[in-house]
Amino acid sequence: MEIFSEIKNNSIRTIIKVINDNQLKYIPIPKRALVDSLRGDLMPDASAAEEILLDKIFKVSEKDIQLLEPLLDVPFPIIPTAIENQWLAELLYDDRTNGLISIDLKDKLKASLPNKSCVEDIWTQINWNNIELPKHSYYTNPRYIETFRTCYRSLLEQRQVYYESYDEYGTIYKGTASPFKLEFCLNTNSFNFIMWNEEKNWTFKSDVATITNIKILDLSIPSDMNEKATQYVEQQKAQSEPIVIELTNKNDALNRCFMLLSNYDKKIYRIKNNIFKLEIAHRGHFDEEELTQIILSLGSCVTVLKPLSYREKIIEYIKTSFSR
Amino acid sequence: MMNIFLTCTFLFKDAKLLSKKGGTILMTRTKKSSFKKTTKNFNIWRVFLRDCFLFGFRSRNEYAEIDINGRTYDDLKKRLEICVDQSFFDLTARDGKLKFLKFKADSYNYSYNFLSNTFGTKSINNNFYLELLAIQILTASQKPLLQREIGEALENLNITDFYNITLYRSLEKLESYGWINIDKGTKNYKYSVVSSFLDNLTLSELKELYLVTTFYKNVSMLTLPGYYLMATLEDFAYNKFGAILKEKDFFQFRFNNFSRLLDETVIYIIQQAITNGHNITYSTKNSLGNIEKPVKIITKYPYNSQKLVTETGKELLLYKLNDISCTQKEILKQHHSKKTKGKQCLEIVFTFWPTDDSREVIHIKNRIMEETLWMTCIEKTENRWIFRANVKDSLSYVPWLRTYHKYISFTKNTYPKLVKKILDDKAEALANYGNIF
């Protein structure tokens, strides 16, 4: 099977769904409605292959000749493909999922999918300084797994937590908070637990590895918490003046710059053939360090235009670099 | 006159009679639309999607720069609008005229990779119905069936316009999906539907599996099978338990470049080749029919760039490879890249002054400790850390080195070309700002 396969064609999936829905409840369907569900809004009609498929897979309903029903009164089996099974095997043998799936279920699935994934032998992930991403030993550490599972469960159950954690400066934090998100950083290969502080009305995050104590409380999160936390995060974007840079495409800088900024919303203007202006939307202190590293890494290919304070900061960084 | 009319009809394909005016018959050739919402080959689709997602600065005419003419652009854009919800992209106008197609990319808002929908556009052939009916026939049967018996079941449904070889190939396809077993033990093959591990899962286990799939699909080497499995689990849960599984919105990812998914037609073949010990053939913009033995796939963060390392030491960017397939053909000429040992000395000094912001220093030191594990620490005092490594290509470290700004410098042992490049670039950067270094 190829990964780009007919069996995953959108129309085929729709047809299979119609067949199986008919098994759950007999619902003959007008041909026009069936064609509409396949073609989408922008197509005049079904394609020739789709027409043949509909003619063969469906028949005119005995009860109403205006309607179609599946030719066979047999369900279409829902079975994972070989590619999906192979992928699932990769998941089961990846320690990063230890906190997300119970040991019992993992063992049960491994018994059904005995072939261990060989992806580890084939795929290497490196950081830009050319070392392999850290394979954190804590993914197999029972204490870490327990902490992680508690964070995860609090999200599933939507209940508040009592937490104790520390940051890299040695400051200790403790208190009650509502779980908001579980963030995974592909660059550092680590999880962050993002929580909402109701008193201070802000979100904050802790690397799961720095959480020393966490308990789920018998308190539901406030019903409007998710909305408030999402609004807070969006406000950071609205309140932060976009960073405007000029990019000169030399030494493949265009490709590197856009790959680095792929997760940011931005407006792009082509000034000349090889010179671009980018207005990068960001969320203030959430993104500033990451963006600063990106901009510095691109060297003379990038010039910050605005905001002026940020431009001055970058100039200072460059001026003082490699001079001690 | 009638004879002329008939002749005209035969001469003009798809001709349409417009009007009959004063004895003169006006006809026009109806144009068949070239647009197809599906495609056999992912190549051009992939180039277009990558450009839209990553860059999004080209107007319709400017797509000619990457060999996509206006007509092709129109078709690809229309296909995109059909398979990806329009909430995921913008069509912005500039200068009142030019329009630019751009995906929305904010990783805080989207953990679902909408590019996965573009893989639902593979063309189906006219005999595809045989696959769907064959598996239904096998599902209904209590025992394995011969191909002849499947053919008879189709005939009973008044489906007779197929060749045996076509049915045979359809059954082979079903086997390649992993959906049927073929018992080749006897002279005539017997076919049966496989049993699925999903049948042994409770609803609670299914929900647990679904959630971990929604996470893992964004961090695995191949992400698309995760999206496929998600859809399979959704359909299975609905059909068996009447349950609706829905992705939670509490997973968030950093440095998850969605366009990585577009390389997966290539990665999948490479994975097969490495697993089976085969070579690959591939083409690039400038050459066809290249053969290499693949060894490893490397994903480099924070760029999310992906490359293939071959046995001959080549490093090939995956997004540039097309028409890839496994082959057992041997490579005729082995041109091994020079396997030079790391000869370029990289000796970097991190210096911390009393006037530095103490919190910034702590943060930088933590970064250094994580990011220099591959180097040898040759000096470590409170205010000065020196690390050394011998590398093949010191210039490739330049982006990383720049991120340490004032804290980093070099010893005299460092490869001189590296030092010159960095300092020259620094001068150029400052000149761009109007400062003189």
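## Chain B overall

In chain B, 60% of the contacts (heavy atoms within 4.5 Å) with a separation of 6 or more are between residues 24 or more positions apart. The model is predicted: local features need pLDDT of at least 70 and side-chain atom pairs pLDDT 80 or more, while totals for chains, interfaces and linings use all residues. Residues are numbered from 1 along each chain as written, chains are lettered from A and ligands numbered from 1 in written order, and side-chain values use heavy atoms, without hydrogens and water.

Chain B has 12 helices and 18 strands (DSSP runs, numbered from the N terminus: H or I of at least four residues, E of at least two). Of its 437 residues, 51% are buried (under 20% relative accessible area, 1.4 Å probe, protein chains only).

## Helix α2 of chain A

Helix α2(A) spans residues 31–39, and its buried residues are L34(A), V35(A), L38(A) and R39(A). They sit on the same side of α2(A), because they cover an arc of only 125° around the axis (taken from the directions from the helix axis to the C-beta atoms).

These buried residues pack against α1, β1, α3, β2 and β3 of chain A. They also pack against α3 (70–83) of chain B.

## α3(A) against α4(B)

α3(A) and α4(B) (residues 129–140) pack at about 25°, with axes 9 Å apart. The two helices are therefore roughly parallel (angles under 35 degrees). I52(A), L53(A), K56(A) and I57(A) meet Y129(B), L132(B) and L133(B).

Note on methods
Buried means under 20% relative accessible area, exposed over 50%, partly exposed in between (1.4 Å probe, protein chains only). Axes are lines fitted to C-alpha atoms, for helices over the stretch in contact, and angles run from 0 to 180 degrees between N-to-C directions. Angles under 35 degrees count as roughly parallel, over 145 as roughly antiparallel, 65 to 115 as roughly perpendicular and the rest as oblique.
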